[in-house]
Amino acid sequence: MKYLMNALKHQPAGRLITLGFAVVIFLGAGLLLMPFSVKDGAEVSFIDALFTSTSAVCVTGLIAIDTADHFTAFGQGVVAGLIQIGGLGVTSVGVGLIIAMGKRVSIRNRLLVREALNIDSYKGIVKLVKSVLLMTLCFEGVGAVLSFLVFSQDYPLPHALGISIFHSIAAFNNSGFDILGGLRNLIPYQDNVLLNLTTCFLIIFGGLGFFVILDILKQRRFKKLSLHSKVVITTSIVLLAVGTLLLKATENITWMGAFFHSVSARTAGFSTYPIGEFTNAGLFVLCILMFIGASPGSTGGGIKTSTFFVLFQSARSVFSKKTVGAFRRGISQQNISKAGMIAILSAVVVCTATFFMCVLEPEYDFIQLLFEVISAFGTVGLSTGITPDLGWAGKLVIIIVMFIGRLGAMTILSMWINHPEPRARYTEEGIAIG
């Protein structure tokens, strides 16, 4: 045991974070297989328990089996707990427990939190974790109260309270799980304005990122916000507006339905209309929104809004012959290179997984398989309805993609690359591009 602890201390942060998520996933799968987690008469295989646990920890929402129909109240509580751990991050939850026990947070733990939350400094890590935990509690508390006003009209009070808490946790952590049963998601409530707006409110703020929310609370004026916050807010508003217009134009749904799915496609995964009935054009719009995803430091996935913004501004600068920047601030070459690398790695993951899915599940259309893979990678959870019918090999591919999507392709890559930067550099020479 001592040898194992010493070995872990010398591992790169990315490797430890990946290992932490993997451990939680397998522990969650084990708990979901226990007799007290499974309803009488229901059957849960290992691959389905692993799929559910991975989807919960990776805050995705794709389901191989219906959560309400197969799991007891305890099992549903396990799923909610996994969603909460996955949304906050294993390291943030661990540091939160250390703080709650009154113990000192070590430099090593601060490094892990810094890596997990993608921040540049150790300064204020403990204060940041406390703020994140408090913020999460406040948002989920408000969401649970508003959701209860809706669910209490259709369910007994104790059951309605459980559904409300579960829904609030799932929505704020951008995970499209529901416990209404029958694989219905939120379709029975497609015309309920309060539940639609409450869910959108939780998804949007969960997807903005904790740093942006803290910046808004501190500055209170758009002009005083950091460049990161301005980029995230602006990009999010544009994507929500464009997504709503395109979905309304391609699908026979209400304006509220179009707005809801534009919000949900940004890594949440709730649906108020059957996604399987959407046109190819509508599915393609959702694919783009899912691939872009939420924002850094949030509970969502995808390549992130800031990455998309930097890539867009970089392409724009090529035509305008201007420096890459926004809001009277320049964007560093390091940020541009990182954005390009993330986009390329993400595209490689999606293309590779889609190829394997086409080989393993040839009975489905290409757009269905592509949609499923992007939904898994973006940790979204929207599905055309094919997930429960996938074979074990297809489910395993989706499990791997969800895991990569939650941790990020860069974090997965850093597990294997831990070499110092070489001192020697080769002479540069131009090549023909385009």
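**Cores, a salt bridge and a surface patch**

User: Which residues have the most contacts inside the largest nonpolar core?

Analyst: I83 and I398. That core has 101 residues. Bear in mind that this is a predicted model.

User: What is I398 in contact with, leaving aside neighbours within four places in sequence?

Analyst: Seen that way, I398 is in contact with F51, L62, M357, E372, V373, A376 and L390.

User: OK, Q313. Buried or exposed?

Analyst: Q313 is buried, because its relative accessible area is 9% and the cut-off for buried is under 20%.

User: Where is Q313 found, and what does Q313 touch?

Analyst: Q313 is in helix α15, which covers residues 305–320. Not counting residues up to four places away in sequence, Q313 touches V324, G325 and A326. A326 also belongs to the core of 8 residues.

User: Switching to charges. How many salt bridges does the structure hold?

Analyst: The structure holds 1. D48 pairs with K395, and the closest N and O atoms are 2.8 Å apart.

User: Which parts of the chain does that pair link?

Analyst: Distant ones. D48 sits in helix α3 and K395 in helix α18, residues 392–407. The two are 347 residues apart.

User: Are those two buried or exposed?

Analyst: D48 counts as buried, at 10% relative accessibility. K395 counts as buried as well, at 7%.

User: Why can such side chains pair at all?

Analyst: Side chains of opposite charge can pair when their charged atoms come close.

User: Aromatics next. How many pairs turn up in the whole structure?

Analyst: A search finds 10 aromatic pairs.

User: Which residues form the aromatic cluster with F139?

Analyst: F172, F201, F205 and F210 form one cluster with F139.

User: Now the surface. Which residues form the nonpolar patch?

Analyst: L31, M34, F36 and F74. Together they have about 370 Å² of accessible area.

User: Where does M34 lie, and how accessible is M34?

Analyst: M34 lies in the loop between α2 (13–33) and α3 (46–57). M34 is partly exposed, with a relative accessible area of 36%.

Terms used
Residues are numbered from 1 along each chain as its sequence is written. This is a predicted model: local features need pLDDT of at least 70, side-chain atom pairs count only at pLDDT 80 or more; totals for chains, interfaces and linings use all residues. Side-chain values use heavy atoms; hydrogens and water are left out. Helices (H or I, at least four residues) and strands (E, at least two) are DSSP runs, numbered from the N terminus. Buried means under 20% relative accessible area, exposed over 50%, partly exposed in between (1.4 Å probe, protein chains only). Contact means heavy atoms within 4.5 Å. Patches are made of residues with over 30% relative accessible area and no salt bridge: like charges are joined within 9 Å, nonpolar side chains (Val, Leu, Ile, Met, Phe, Trp, Tyr) within 5 Å. Accessible areas come from the Shrake-Rupley method with a 1.4 Å probe; for residues, only the protein chains shown count as cover. A salt bridge is a side-chain nitrogen of Lys or Arg within 4 Å of a carboxyl oxygen of Asp or Glu. A nonpolar core is a set of buried Ala, Val, Leu, Ile, Met, Phe, Trp, Tyr and Cys residues joined through side-chain atoms within 4.5 Å. Rings of Phe, Tyr and Trp (its six-membered ring) pair if their centres lie within 6.5 Å; planes under 30 degrees apart count as stacked, over 60 as edge-to-face and the rest as tilted.
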